[in-house]
Amino acid sequence: MNHEAIKDNPAVGRSWEEVRAELFTPEEIAKSNLRVELIGEIIKARQEKGISQKKLEELSGVRQPIIARMEKGSTSPQLETILKVLAPLGKTLAVVPLESK
């Protein structure tokens, strides 16, 4: 292995946050963070209630493969789908002010 090539590589030793900030706009990062947080809350609520994806399909009307893809992050679900999944989990979405920095 050529250690000089690694040493001279500016990407080595940089944090993901630094690299991400160069690759994506602040708006793209905020959108991604929101999506991750939302999906995380759906997974957490489902697990806390002890509900399988299949049971959530029965309760929400959203097919289990769609729920699986949504939880895996491989799809961008529509708002209506998210609301259908949240309702049987005892959750909904709220519009709140953005945090000021």
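The buried residues of helix 6 are covered by elements that include helix 3, helix 4 (53–60) and helix 5 (64–72). Helices here are DSSP runs of H or I with at least four residues, numbered from the N terminus. This is a predicted model, in which local features need pLDDT of at least 70 and side-chain atom pairs count only at pLDDT 80 or more, while totals for chains, interfaces and linings use all residues. Residues are numbered from 1 along each chain as its sequence is written, and side-chain values use heavy atoms, with hydrogens and water left out.

In helix 6 (residues 79–86), I82, V85 and L86 are buried, a term that stands for under 20% relative accessible area with a 1.4 Å probe and protein chains only. Seen down the helix axis, these buried residues fall within an arc of 100 degrees (taken from the directions from the axis to the C-beta atoms), so they line one face of helix 6.

Helix 3 has buried residues of its own, namely I29, I39, I42, A45 and R46, and what covers them includes helix 2 (16–23), helix 4, helix 5 and helix 6. R46, at 10% relative accessibility, counts as buried, and its contacts (heavy atoms within 4.5 Å), leaving aside residues up to four places away in sequence, are I51, S52, Q53, L56, E71 and L89.

Two of these partners lie at the following distances from polar atoms of the R46 side chain.

| Partner of R46 side chain | Distance |
|---|---|
| E71, side chain | 2.7 Å |

Conventions
Buried means under 20% relative accessible area, exposed over 50%, partly exposed in between (1.4 Å probe, protein chains only). A polar contact is a pair of N or O atoms within 3.5 Å; within protein, one must be able to donate a hydrogen and the other to accept it, and residues adjacent in sequence count only if both atoms are side-chain atoms. Helices (H or I, at least four residues) and strands (E, at least two) are DSSP runs, numbered from the N terminus.
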